[in-house]
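Here are a few friendly notes to read alongside the model.

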Amino acid sequence: RLGLRLGLRLGLRLGLRLGVSMIVRALRAVRARANGVGLALLAMYFLNALTLSLPLTAYRDWLINDVGMSSKQQNNYFAFIFVPNALKPLYAVIAERYPIVGSGRRFWLFVAAVGTAFTYLLQAALIHTVPGAFISTFALQIFYTFSELLLGAALMDVAHRDMSNAGAVQATTTGTRYLGSLAAALITLVLYPCRGGAGYVKPRAVLAITALSPLCVAILAPLLPEEEFDGAEAPADSESDEETSLVSFTEEETKVSTSKP
């Protein structure tokens with residue numbers, strides 16, 4: 001028995017080391033093909049996807065049963081909250097023209113992530129009226145869309161390191177985003193078990209839980225890739241490569257957003 005236990009322990013240790021080694025090698029291979037995309041950037045993509053997908057079921061319950069929003073009001077509500085997607089050029093100007101404490105994207109990503117978390121907590125604790133739902137969700141979409149823009153701009157900079165690997169860069173981040181959505185679906189299965197309502201979690205509790213995800217993004221914000229600002233303003237007749245990439249990304253995203261039904 002003692003030999004069997006020792007053998008099992010040794011096998012588990014070897015298996016664990018082998019598994020970790022394989023994962024590390026796989027991550028290194030992915031990063032090499034994806035222009036060395038940082039794990040922090042991938043983690044933020046994962047968390048942003050989680051932030052968007054986790055409260056979807058809770059929102060419907062919150063709007064209908066807690067806020068008391070009618071079907072007609074919901075049509076106007078969903079049309080209204082998509083307006084911030086068309087404001088991405090404005091977010092780009094703010095991020096590039098107004099760096100704070102020597103940082104542009106990092107600072108504004110921190111602000112957007114904290115704003116997202118605060119709005120979720122506000123909805124979970126204080127919003128009980130239809131106008132409050134309209135205004136708070138509109139603000140939430142501004143913060144979330146702003147953070148998505150900044151992550152996309154950082155991703156474009158990574159892709160421009162070697163455009164021959166641009167497809168691998170996009171595939172890596174897209175896969176990470178899908179993993180975030182999958183994780184949100186699995187968490188939702190736990191929060192809403194199919195047992196006739198047993199173990200049901202209130203929608204406000206789910207909104208409060210969701211706030212943890214953007215808070216993690218705020219913690220990782222200082223690790224976002226960006227060019228360092230030296231505190232001096234760039235000449236008015238010149239634009240940095242970073243700003244050009246951000247504006248081009250904004251235009252592409254706006255076209256995609258406006259083309260959606």
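1. Tyr59 is buried, at 11% relative accessible area, and Trp62 is buried too, at 0% (buried means under 20% relative accessible area, with a 1.4 Å probe and protein chains only). A note on the basis: this is a predicted model, where local features need pLDDT of at least 70, side-chain atom pairs count only at pLDDT 80 or more, and totals for chains, interfaces and linings use all residues. Residues are numbered from 1 along each chain as its sequence is written, and side-chain values use heavy atoms, leaving out hydrogens and water.

2. Tyr59 and Trp62 sit 3 residues apart in helix α3 (residues 56–67), so about one helical turn separates them. Helices here are DSSP runs (H or I, at least four residues), numbered from the N terminus.

3. Now look at Tyr77 and Phe134: their ring centres are 5.5 Å apart and their planes are at 85°, so the pair is edge-to-face (centres within 6.5 Å, planes over 60 degrees apart). Tyr77 belongs to helix α4 (residues 71–80) and Phe134 to helix α7 (residues 130–159), so the pair ties together parts 57 residues apart in sequence. Both Tyr77 and Phe134 are buried. Ring pairs link Tyr77 and Phe134 with Phe78, Phe80 and Phe138 in a cluster.

4. Back in α3, Ala58, Tyr59, Asp61, Trp62 and Asp66 meet Pro203, Arg204, Val206 and Leu207 of α9 (contact means heavy atoms within 4.5 Å).

Key
Helices (H or I, at least four residues) and strands (E, at least two) are DSSP runs, numbered from the N terminus. Buried means under 20% relative accessible area, exposed over 50%, partly exposed in between (1.4 Å probe, protein chains only). Rings of Phe, Tyr and Trp (its six-membered ring) pair if their centres lie within 6.5 Å; planes under 30 degrees apart count as stacked, over 60 as edge-to-face and the rest as tilted.
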